[in-house]
Amino acid sequence: DNLKELIKLCYDEKIVLMCDEVYQENVYQDERPFISARKVMMSMGAPYADGVEMVSFHTVSKGSAGECGLRGGCMELTNIHPGTVEEVYKCASINLSPNTMGQIALSVMLNPPRPGDESYEQY
């Protein structure tokens, strides 16, 4: 309910919602599981799902699989103006030498094994 209220406020006041979701893998109890703000927003339907600008942040640097210290992160831009997205890409392209291990770890984090994959049982 708190996330829904926050999303409604952002819609009403035209505020960009910035979601720090880097610790989602570090929730160690079942009573209050991680809830994605983007998932909540999309479940609310119009006008919120297509009217709230949202930036979600995630990284492998704060994970639970021993990858702490690697530098790799991403932003998911939802309902952000295309001109703004272009400027974000320009800023990101300044760093033309990202570390390879961080990129690999981020790719693995964003694309985990699925049922039927050879490594799914170990995952």
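Colleague: Is Tyr48 buried or exposed?
Modeller: Tyr48 counts as buried, at 18% relative accessibility. Buried means under 20% relative accessible area, exposed is over 50%, and partly exposed is in between (1.4 Å probe, protein chains only). Keep in mind that this is a predicted model, where local features need pLDDT of at least 70, side-chain atom pairs count only at pLDDT 80 or more, and totals for chains, interfaces and linings use all residues. Residues are numbered from 1 along each chain as its sequence is written, and side-chain values use heavy atoms, with hydrogens and water left out.

Colleague: Which residue forms an aromatic pair with Tyr48?
Modeller: Tyr11 does, in an edge-to-face pair with 5.2 Å centre to centre and 70° between the planes. For the rule itself, rings of Phe, Tyr and Trp (its six-membered ring) pair if their centres lie within 6.5 Å; planes under 30 degrees apart are stacked, over 60 edge-to-face, and the rest tilted. Tyr11 lies in helix α1 and Tyr48 in the loop between α2 and β2 (54–59), so the pair ties together parts that are 37 residues apart in sequence. Tyr11 counts as partly exposed, at 31% relative accessibility.

Colleague: What makes up the largest nonpolar core?
Modeller: There are 11 residues in all: Ile7, Cys10, Leu17, Cys19, Ala37, Val40, Met41, Met44, Tyr48, Val52 and Met54. A nonpolar core here is a set of buried Ala, Val, Leu, Ile, Met, Phe, Trp, Tyr and Cys residues joined through side-chain atoms within 4.5 Å. At least two residues of this core come from each of α1 (2–13), β1 (17–20) and α2 (37–43), and α2 gives the largest share, three residues.

Colleague: What does Ala37 touch?
Modeller: Not counting residues up to four places away in sequence, Ala37 touches Leu3, Ile7, Cys19, Glu21 and Met54. Contact means heavy atoms within 4.5 Å.

Colleague: And where is Ser36?
Modeller: Ser36 is in the loop between β1 and α2. Ser36 is buried, with a relative accessible area of 19%. Its side chain reaches the backbone nitrogen of Arg38 at 3.3 Å, and a polar atom of that side chain lies 3.2 Å from the backbone nitrogen of Lys39.

Colleague: OK, switching topic. Which residues of α4 are buried?
Modeller: In helix α4 (residues 100–110) they are Gly102, Ala105 and Leu106. They cover an arc of only 100° around the axis, which puts them on the same side of α4. That arc is taken from the directions from the helix axis to the C-beta atoms.

Colleague: What do they pack against?
Modeller: The buried residues of α4 pack against β3 (73–78). The face turned away from the buried side carries the exposed residues Thr100 and Val108.

Colleague: What about His58, where does that sit?
Modeller: His58 lies in strand β2 and is buried, with a relative accessible area of 13%. Leaving aside neighbours within four places in sequence, His58 is in contact with Glu21, Val22, Gln24, Gly73, Cys74 and Met109.

Colleague: Last one: how many helices and strands does the chain have?
Modeller: Four helices and three strands, running α-β-α-β-β-α-α from the N terminus on. Helices (H or I, at least four residues) and strands (E, at least two) are DSSP runs, numbered from the N terminus.

Definitions and conventions
Polar contact = N/O pair within 3.5 Å; in protein donor to acceptor, adjacent residues only side chain to side chain.
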